[in-house]
Structures are given as C-alpha cells and as structure tokens.
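Welcome! Have a look at the sequence and the 3D view below, and then we will walk through a few spots together.

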Amino acid sequence: MSPLSLTPRQRVETALRGGCADRVPFTIYESKIPQCTAERLMRNRGLCIVNRSYPVYRTHRPNVTHRSESCTRDGVPMTRDIYETPVGVLTTLSEPAGFTSWAHEKMYKTPEDFKTIRFLIEDERYEPTYDAFAQAQDAMGQDIIFRANLSLEPLQMLISGPFFRMEQFAIEWMDHRDEMLGLYEAIAAKHRELYPIVARSPALFANYGGNVVPSLIGRDVFERYYVPHYNAAAAVFHEQGKLLGCHFDDDCGLLRDLIAATDLDYIEAFTPAPDTDMSLADARAAWPDKVLWINFPSSQHLKSDQQIEAITLELLNDAGRMDGLLFAVTEDVPEHRWRHSCQAIMNGLDRHAEEQPHKYR
C-alpha cells in the first residue's frame, strides 16, 4: 500500500467539502465497532470513526419533572419514564436492547395528552456544550471525527419520536389534524432556536433528522413539511461556514428530485441498490451538487471478502468521479463478518486509488 498523505479526519473533511482526497474515505459509527486489535489496524490504515456521542448542546425542561423506574413486563426488564408537568402526566415504556431500546409505549395515550405534549415541547431550553465537544475532539486524535445533530425533523419527530407510535400518528393525523399541526409548529419553533446554537458550535457538520420513509409520507408531505426546514437550517449553517446533511437510508427514488432541490450539503447513509431503489450512479445523476456519504449495502456484508472487494470497486465505478464521495457503515454488521467485510471494503478503496490515480487529486 502506498503511504497515506492525509489523516483519516482530514480525508473526511476534504470529501465533505466536496473535494477529492488521496482516496475515498471510509467511516463507521462509534457504536458499530468495538475497540480491539482489528479496529486499531483499520484505523491505522485510514478508517475514521464517526463519533456522535458528544452533543454541542444540552436540553432541559425547567417546569417538567422526569424520573425513570425499573419494572418488568412478562418477565422482561423494562424502563418506565414519567414526565410530570403542570398540565398533566406522560409516561413511556421501553425495553433496553444494547445500544438502543425498543419502545413498548409512547407518550400519547388519549386526546387529553395533546396539551401535555405541547407543554413538554415548549418548555425545552437549550444550552451550548461547546467546550466538552471541542475538548473531546482534540483529545481523541485524527482518526475520529465528531458529528453534531439537530434532532429529527418536526414532522418526523411526531412519526418516529417519543410521542406517537406510527399507527397512532396516522390515525391522529386524520382525526385530529389541527392538534397535530399545533405540535408540529411548536417543534419547528423550538428547532429555529437550535439552528444558530449548533451552527456556531465547533462541529464542522451536523445531521438534521433522517430515517424518512418515502413510501409512508409521500411527495406532497415531504415537500411541504420537510424541505422548508432543511433549507431554513442550511441557511443558518452556511452563514457560519458549516455543513448540513440528512440520513436518507430508505428508497429515495420517489423523492429524488425534491431532495435535489434542497439546500442540504450531503446525503448521509444513502444505501445503493440492491438494498434500495437507486444505484450509486442514479444518486450521482440525481444529486450532482451534493456530497454522497454512502452506507455500504448491508446485505452484501455476508458475501465473501473477494466479492465485497469487487462490489466496492463496482460502486466506485458507478460513482464516476471521486470528489464529494465517502463510504461508510451506518448499520449493524453480523458479529462474525465485520472484521472481514470492513477490511475488504478498505482493500477495494485502496486498490481503486492505486489502479486509477488519475481520478484522485
């Protein structure tokens, strides 16, 4: 292998700004890879860890009392969260599951909860935590990059946030549209307070929402209730020289032109065919002015190392040009495969850079 001229973080930053480094960067979320010998070897080769565990702001609610209680349901350990407000009480029930949790109950139970949920939203206060973020980024070195977050989009917060189960959202969207829109507007107003806080932070870039399911929301809802918020946040970010992206990992074909028209700088976790309805070539054609930060198709991790390296080369050829392109793992990889598949992806990225150096800077 030829020596690398940039650090992993520098390579990611170059690509995120739309540039072309000495090879296409390869990243993985901090929660998808354990610290071990294989991880260290890959970091030495150029793997960059995307750390999302240091927020640039903290949220508190001065007029809400929150407590958690351990309990069981059918013998399974659960956590019940209780939120006491001046206008009512909300509860959730979740099942811890490693780095995530399974939601068994969301906050909304009856229409009486609309006013309590709105109070909870409007009571949020935000404070910057820039120092802790900057200190962690400096301390952890050049093979880690820190990503900030702007929460879910206002409507997505109602769809997949802590308030409603998805089927509840659909029912209440039809039966109590005014109340739902009131919650949506309340969330949007709070997010407008967040935009400058995150944009002025030490973070170069932030995700705004994601996990949008186009087949669920459709084109009209996306254009009306999602796009304006991306553009409003991007305007604030760009004033500070910062970058904004979104985690679009589902079938994006239905929304391809609407996503193209947004002011988002990068599309993160875009997963090419065969796992979705768009190839990497389709994405390049649809979003020529946006950085593509792709998730290596999850289904392909089960193939042999040789096949994974070949798939990596095929994806790079589909991409056409190497500027504004990053490879990533943003989903779980089977425990028995990640050490092999991630190294095979890196082999493909290195091989492409060595065999086609004219495509790089």
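Is D74 buried or exposed? With a relative accessibility of 77%, D74 counts as exposed, where buried means under 20% relative accessible area, exposed over 50% and partly exposed in between, using a 1.4 Å probe and protein chains only. Before we go on, please note that this is a predicted model, in which local features need pLDDT of at least 70 and side-chain atom pairs count only at pLDDT 80 or more, while totals for chains, interfaces and linings use all residues. Residues are numbered from 1 along each chain as its sequence is written, and side-chain values use heavy atoms, leaving out hydrogens and water.

You can find D74 in the loop between β4 (65–73) and β5 (76–85). Helices (H or I, at least four residues) and strands (E, at least two) are DSSP runs, numbered from the N terminus.

D74 is not a glycine, yet its phi is positive, at about 55°. S151 is another residue other than glycine with a positive phi, near 70°. Look for S151 in the loop between β10 (148–149) and α5 (154–160); with a relative accessible area of 28%, S151 is partly exposed.

Which two residues does a cis peptide bond join? They are A273 and P274, and omega there is about 15°. P274 has its place in the loop between β13 (266–270) and α11 (280–286).

## Two pairs of helices

Two packed helices are described by the angle between their axes and the distance between the axes. Axes are lines fitted to C-alpha atoms, for helices over the stretch in contact, and angles run from 0 to 180 degrees between N-to-C directions. Take helix α2 (residues 37–45) and helix α13 (residues 338–355): their axes come within 11 Å and cross at roughly 10°. This angle makes α2 roughly parallel to α13 (angles under 35 degrees count as roughly parallel, over 145 as roughly antiparallel, 65 to 115 as roughly perpendicular and the rest as oblique). On the α2 side, the contact (heavy atoms within 4.5 Å) is made by A38, E39, M42 and R45. On the α13 side, the residues include W338, C342, M346 and D350. Sorted by type, the residues of this contact are five nonpolar, two polar and four charged. Here Ala, Val, Leu, Ile, Met, Phe, Trp, Tyr, Cys and Pro count as nonpolar, Asp, Glu, Lys and Arg as charged, and the others, Gly among them, as polar.

Now turn to helix α3 (residues 113–122) and helix α7 (residues 177–199), whose axes come within 9 Å and cross at roughly 5°. That makes α3 roughly parallel to α7. F114, I117, R118, I121 and E122 of α3 take part in the contact, with partners in α7 including M180, L183 and K190. The residues of the contact of α3 with α7 divide into seven nonpolar, one polar and four charged.

## An enclosed space

Rolling a probe the size of a water molecule over the atoms shows where empty space is left. A cavity is a set of points, on a 1 Å grid over the protein atoms alone, where a 1.4 Å probe fits but cannot get out; lining residues have an atom within 4 Å of a point. Grid points are joined across faces, edges and corners, and a volume is the space filled by probe spheres set on the points.

How many cavities of 30 Å³ or more are there? The count comes to one, and the largest cavity holds about 70 Å³ of space. Among its lining residues are R11, F26, R45, M346 and D350. Helix α13 gives the largest share of this lining, three residues.

Q156 sits in helix α5 and is buried, with a relative accessible area of 3%. Leaving aside neighbours within four places in sequence, Q156 is in contact with G161, G210, N211, V212 and Y226.

G253, in the loop between β12 (243–247) and α10 (256–260), is also buried, with a relative accessible area of 16%. G253 and D277 are 24 residues apart along the chain, and their C-alpha atoms are separated by 6.1 Å.

Conventions: 1 Å grid on protein atoms, 1.4 Å probe; cavity = no way out; pocket = protein on both sides within 12 Å on 5 of 7 lines; lining within 4 Å.
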